[in-house]
Amino acid sequence: MRQIGIIFIFLLFQQMINAQIEMPEMMEIQDIASIDTTYTYEWNEENEKWEIYARNLHFIDETRLVTSVLNQRWYPEQKVWENHEQTLKNYDERGNEVQSILQQWNINAQDWINVQMKTTTYDRRGNEAEILYQEWHRPTEEWFNTVVYLISYNRDFEKSEVVVRTFAGMQRTWDNYMRFSFSYNEGYGPPSEVLVETWRKPENYWQTFGRYSLSYNHRGKITQETRATWSESQRDWVLGVRYLISYRRENKIEDVEQRWDYGTNRWVNSLRKTFAYDDNTGELSEETVYRWNRTDDQWAVESRFLYTNIKPEEAEA
């Protein structure tokens, strides 16, 4: 019933949201105690200035849970916010998210269109046991199963296996698709290795496909993730991609993606992201994306984004 109530609220106020949101009026809506707005600015290299790009409105209830997130894009020529997508959330009595519905804005119909629903089931210890994804079928106006994740834990309550199954619509059956098996160093701490297997039909057996090797810092944060694919012909692991991650305390400040070059037998830079945070709130304030330029042998800025609660002057009206 709570989810239905949230959907009704958005249908009732969608026209107002599409234009301008008046904070005092929205604050009076039942079940919404506050609205937290974050603005996204994109760096314009040509003009050398930050330009408003989008905003996210987090609708928060009295228990401090985010009941919905509305994303809107800014159109400078019309000087209006236009709906882009929204996520509606529902929780159980423990505060665990049990349902999340993604919707996209249909500008022609001026209405929200269902896209995807995620339903999470928990075991008696509060661990995720099943995650079901469904997609909206517009002709019949109903949800269709697509993918389910079945999660198992060992006797130490650590994640031991995740089985991914896909739904065969014609046969209305679930088929095995992929399996992730987690290994732990001496049985303690986070997983040091993840074995990836794919399901072979019609032989009906799991075939080794890939492997994730993981390293951590003293806080339990992943600092290196190396992915390799199993080569049946070579009977060996083939290196593919590596991620190098740096932190400042709990916050990730850099994420570098590298690809293995078999011509030179070394890791080659590919993609890099850097992150900056607000000193007062600790929230993400800036993100920069780089691409590796092999010709110049250096990083080249691809995009920059600024996240802030400061409302842009052009959107004041």
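This is a predicted model: local features need pLDDT of at least 70, side-chain atom pairs count only at pLDDT 80 or more; totals for chains, interfaces and linings use all residues.

Me: Why is the pair of Tyr39 and Trp81 called tilted?

Reply: There are 13 aromatic pairs in the structure. For Tyr39 and Trp81 the centres are 6.0 Å apart and the planes make 45°. The cut-off for a pair is 6.5 Å between centres, with under 30 degrees being stacked and over 60 edge-to-face. So 45° falls in the remaining class, tilted.

Me: What makes this a link between distant parts of the chain?

Reply: Tyr39 sits in strand β1 (residues 34-44) and Trp81 in strand β4 (residues 80-91), 42 residues apart. Both residues are buried, too. Ring pairs also bring in Trp74, giving a cluster of Tyr39, Trp74 and Trp81.

Me: And why is the pair of Trp260 and Trp267 edge-to-face?

Reply: Here the angle between the planes is 70°, with 5.2 Å centre to centre.

Me: How do you know whether Trp267 is buried or exposed?

Reply: Its relative accessible area is 16%. Buried means under 20%, so Trp267 is buried.

Me: What makes you say that Arg272 lies over the face of Tyr290?

Reply: Arg272 is at 4.7 Å from the ring centre of Tyr290. The distance limit is 6 Å, and CZ must also be within 35 degrees of the ring normal. Arg304 lies over the face of Trp43 in this sense as well, at 4.9 Å from the ring centre.

Me: How do you know that β16 and β17 pair?

Reply: Strand β16 (residues 266-277) and strand β17 (residues 284-293) share seven bridges, in the antiparallel sense. Pairing takes at least two bridges, so seven will do. Lys273 stands opposite Val289 in β17. The two strands form a hairpin with six residues between them, and Gly282 in the turn has a positive phi of about 80°.

Me: What about β17 and β18, how many bridges do they have?

Reply: Eight, again antiparallel, with strand β18 covering residues 298-308. Asn293 stands opposite Gln298 in β18. This hairpin has four residues between the strands, and Asp297 takes a positive phi near 55°.

Me: Last one: why does Thr274 count as buried?

Reply: Thr274, in strand β16, has 16% relative accessibility. That is under the 20% limit, so Thr274 counts as buried. Beyond its neighbours within four places in sequence, Thr274 is in contact with residues including Ile253, Glu286 and Tyr290.

Technical notes: Residues are numbered from 1 along each chain as its sequence is written. Side-chain values use heavy atoms; hydrogens and water are left out. Buried means under 20% relative accessible area, exposed over 50%, partly exposed in between (1.4 Å probe, protein chains only). Contact means heavy atoms within 4.5 Å.
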